[in-house]
Structure formats: structure tokens, C-alpha cells
Amino acid sequence: MQTKVIVVMSPKGGVGKTTVAVNLATAISSLKKKTLLIDANIDTPHVAVYYGFVGFKYSFEDLLNGNATIKDVIYTGDDPNFHILPSRVDNDTDELAKKKLVNMEKHLKLLEGIYDFIIIDSKPSYNIDFIENLKNAESIIVSNPEITSIIEAKKIKEKLDYSKIDIIGLILNKVNTRIREQVTKKEAEDMTGIQNIWRIREDQRVYLALKQGIPIVTCASKSPASLDIINIAKDVIKM
Ligand SMILES: Nc1ncnc2c1ncn2[C@@H]1O[C@H](COP(=O)(O)OP(=O)(O)OP(=O)(O)O)[C@@H](O)[C@H]1O
Ligand SMILES: [Mg+2]
């Protein structure tokens, strides 16, 4: 089985990377694809919060620091197709683990052939060292439908192109159909040169889902953002 490794990234913070990574991974696994979601944003890790997942013993930091094995840090959810590798939510950033993040490929290697998809949430950064060190990893860029966010998406796109890392698409997240002044898909395509553009509507149930600790695609599967993310998951599976 060839595993598709997708890093969800954006230079700008708060655009919706974690929301996308969590819900895309959950949607893909519910489409019967074996999926691992990794929280590699070890500065401000929140993936576990989206699942109300607390009290786990070993985290990604333990793996990076050599204090746990890959088996120790992977947890199974209600859906047997869904596995999660969380980072520690409550502690300060583990600086040692942070330095070892560039070695992540050696851990992913041990998972070869086990998963259809590995979805990786990342920290906001222009630094593409992280993805460069992952063999065959592809990227999804997340942006908001506003000019400043698109400008940053374009910059990271250029860096990824330079390093020959595939961009499978750009997601415009928090689209409000009543605000005509927001950047459209066509404008985003013209500005970034990325042809495959998806959108996710702004949806207040995203906040509710987070409070409940259940991904929105599970707890409000018919809500606008969920429908958009499920469609993206179906497209990603076909790629
Ligand atoms: N489609 C949406 N509709 C409404 N709110 C959203 C949507 N997507 C994300 N949000 C909200 O926007 C905020 C930022 O989302 P999120 O944490 O996913 O961004 P991020 O890019 O991962 O942030 P960071 O850079 O800090 O890791 C959160 O409060 C989240 O609930
Ligand atoms: Mg995040």
C-alpha cells in the first residue's frame, strides 16, 4: 500500500490548519481509508483538544526524544480506520523535541504500508525544512479569503515549488457567502497560480464542535463546513 502523506500548512497562524487537518483526517477515515493524524505543531499543539482526548500517556514529543516507541504514541479512536498521534497540550514547548522534528522521516518509515493516508498538522511557518525532510510528502495550503492571507499563501507556494514539493490544493477557509468582497476562487487562483482551489464555508458550528471535543464532520455532518470538508476528502481520495 502506497501511503499518501499530506502536510497541512500555512505561513499565517489561525487560518484553520488544525480545523482542516482534524476534519479532513476524520472524513477520510470515515470513507474507509486507514488514516493517521499527526500533530506536528509542537509549539501550540491542539489536535487532541479537537477530539476531547486527554490523559494520554505518551506523546509525539516522547517519540522524538526517544522516550517512547511509535506503537506507544499512536492511539485508536472509535473508528478503527482512524489513528491519532497527539502532541502534549498542556506543557511548554519541548525545545529538544522541536530540534528533532527534522528527523521525523525515520519514524514515518516504520509506518510504511500501514496507512492509506497520513495527515500532518503543522505550525504556521515559512520554514519548509520540515516537509522537505519527509519522503514523498505533499502539501495542502490553507488560507483565508482575504488578500493578506493569499499573499502569504503565494510565498509558501513559491518555496514549495522551488523545492519540488507537490501542492495538491489551496483551501480557502472561512468563506462567507454574504461577503462579496472576500477573495474568490478565481482571484485566489490568479494570485497564487494554484489551480486546485477548494473552499470551506465559515460555520459557527466549528466552535461548538471544538467545545464538545468532537470533529464537526462527526457531530454536525450536514453543516456547511462539514459538507465542504467531506467533499474535499472525496476529492483527495481520488487524487
Ligand atoms: N470554517 C470555519 N468557520 C468558522 N470558524 C472556523 C473555521 N475554521 C476555523 N475556524 C476557527 O478559527 C480559529 C483558528 O482555527 P485553527 O486553530 O484551525 O487555525 P490554525 O491555522 O491551526 O491556527 P494555528 O496557526 O494557531 O495553529 C479557531 O477558533 C477555529 O475554531
Ligand atoms: Mg493549529
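Predicted model: local features only at pLDDT ≥ 70, side-chain atom pairs only at ≥ 80, totals over all residues.
On conventions, residues count from 1 along each chain as its sequence is written, and chains are lettered from A and ligands numbered from 1 in written order. Local features need pLDDT of at least 70, side-chain atom pairs count only at pLDDT 80 or more, totals for chains, interfaces and linings use all residues, and side-chain values use heavy atoms, without hydrogens and water.

I start with the ligand. Around ligand 1 there are 18 residues, and Lys17, Thr18, Thr19, Asn173 and Lys174 come nearest; near means a heavy atom within 4 Å. By class, six are nonpolar, seven polar and five charged; Ala, Val, Leu, Ile, Met, Phe, Trp, Tyr, Cys and Pro are nonpolar, Asp, Glu, Lys and Arg charged, and the others, Gly among them, polar.

Which element gives the largest share of that shell? Helix 1 does, with three residues. Strand 7 (167–175), strand 8 (197–201) and helix 10 (205–212) each supply at least two. Helices (H or I, at least four residues) and strands (E, at least two) are DSSP runs, numbered from the N terminus.

As for distances to ligand oxygen atoms, a backbone N or O atom of Gly14 lies at 3.0 Å, a polar side-chain atom of Tyr50 at 3.3 Å, and a side-chain N or O atom of Asn41 at 3.4 Å.

Helix 1 (residues 17–30) also packs against helix 12 (residues 224–238). Asn23, Leu24, Ala27 and Ile28 of helix 1 take part, and the helix 12 side includes Ile229 and Val236; contact is heavy atoms within 4.5 Å.

Notes: Axes fitted to C-alpha atoms, helices over the stretch in contact; angles between N-to-C directions. Polar contact = N/O pair within 3.5 Å; in protein donor to acceptor, adjacent residues only side chain to side chain.
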